[in-house]
Amino acid sequence: MSYQKLKDYEKLVGAYRELYEKDVFDYPKGVTITSDIISLSKDLEAHYENKTKSSDSYYSPLMAAIKIFFKSQRCIIEVSNRLFKMEVNDSLFGFVNKASPNKVQIGNRVLNISSVDENQKIKQVFLDALEHIKACLPELEGAKKRVSEARDRDLTSVLGGGESLLNAKICFFNSIIAILEKNFEKSIQNLEESIKFIESAIKYIKINLDTPGEVENAKKTEAYLNLLIKNYKNSIKTLKELI
């Protein structure tokens, strides 16, 4: 049961990555994919929870760590699902007119950040998103530490990559909030920090690749993450021009 669900999970995450490779982002498809990932993740979390209870003293913390990893990734995907339903992108943004900072495009939503009401509504959405994913961070950090102490390199790299991506998403959302506050310097700082965390995640995904399938999956993940880095660098360039 677990192996097939892991393969299904990997396939869905691949479909999630591919959303960002298209010229036009398919939000209805994004909602479907993220909903399926959330449902499957809950099944896997329950499976590894049972494994935690039934395993010996060495393997039990490792099973618990895997459960925490899936939970942390589910937190990110739950936020993506909510944003996609609003046709708001969870990783990309731009300015409608590069000569003016007043209108920000986040997915299909164009936000007039000079409008107090509109600004506050979308800002609250991202503040809620931040609260949701930040709650997973201490648990993930603790799991990574325990796995590292057990000298399990495979799980350490998985949890390290998960932690880096969680921090990258936190920085990205902080960047959006800073833009809504017209604090472009702070937005740039958060985007730069997000890039650093993404680069850290790329290093983790290259550790202990034992099979051709793992190598191929790592290449696809790296391509997706490099796309985010490219877009963030373009956003930084635009923001610097507005300062």
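Predicted model: local features only at pLDDT ≥ 70, side-chain atom pairs only at ≥ 80, totals over all residues.
1. Where does Ser80 sit? Ser80 belongs to helix H3, which covers residues 59-85. Ser80 has a relative accessible area of 1%. The cut-off for buried is under 20%, so Ser80 counts as buried.

2. The side chains of Ser80 and Tyr16 are joined by a polar contact of 3.2 Å.

3. The largest pocket holds about 1,600 Å³ of space. Its lining has 43 residues, and Tyr9, Glu10, Phe69, Val158 and Asn217 are the closest to its centre.

4. What classes of residue line the largest pocket? The lining has 26 nonpolar, 10 polar and 7 charged residues.

5. The second largest pocket holds about 650 Å³ of space. It is lined by 27 residues. Closest to its centre are Leu92, Phe93, Gly94, Gln105 and Asn231. Strand E1 (94-97) and helix H8 are the elements that give two or more residues here.

6. Which element gives the most to the lining of the second largest pocket? That is H8, with 8 residues. By class, this lining has 11 nonpolar, 10 polar and 6 charged residues.

Terms used:
Residues numbered from 1 in each chain as written. Heavy atoms only, no water. Helix = DSSP H or I, 4+ residues; strand = E, 2+ residues; numbered from the N terminus. Buried < 20%, exposed > 50% of the residue type's maximum accessible area, 1.4 Å probe, protein only. Polar contact = N/O pair within 3.5 Å; in protein donor to acceptor, adjacent residues only side chain to side chain. 1 Å grid on protein atoms, 1.4 Å probe; cavity = no way out; pocket = protein on both sides within 12 Å on 5 of 7 lines; lining within 4 Å. Points joined across faces, edges and corners; volume = space filled by probe spheres on them. Nonpolar A, V, L, I, M, F, W, Y, C, P; charged D, E, K, R; others polar.
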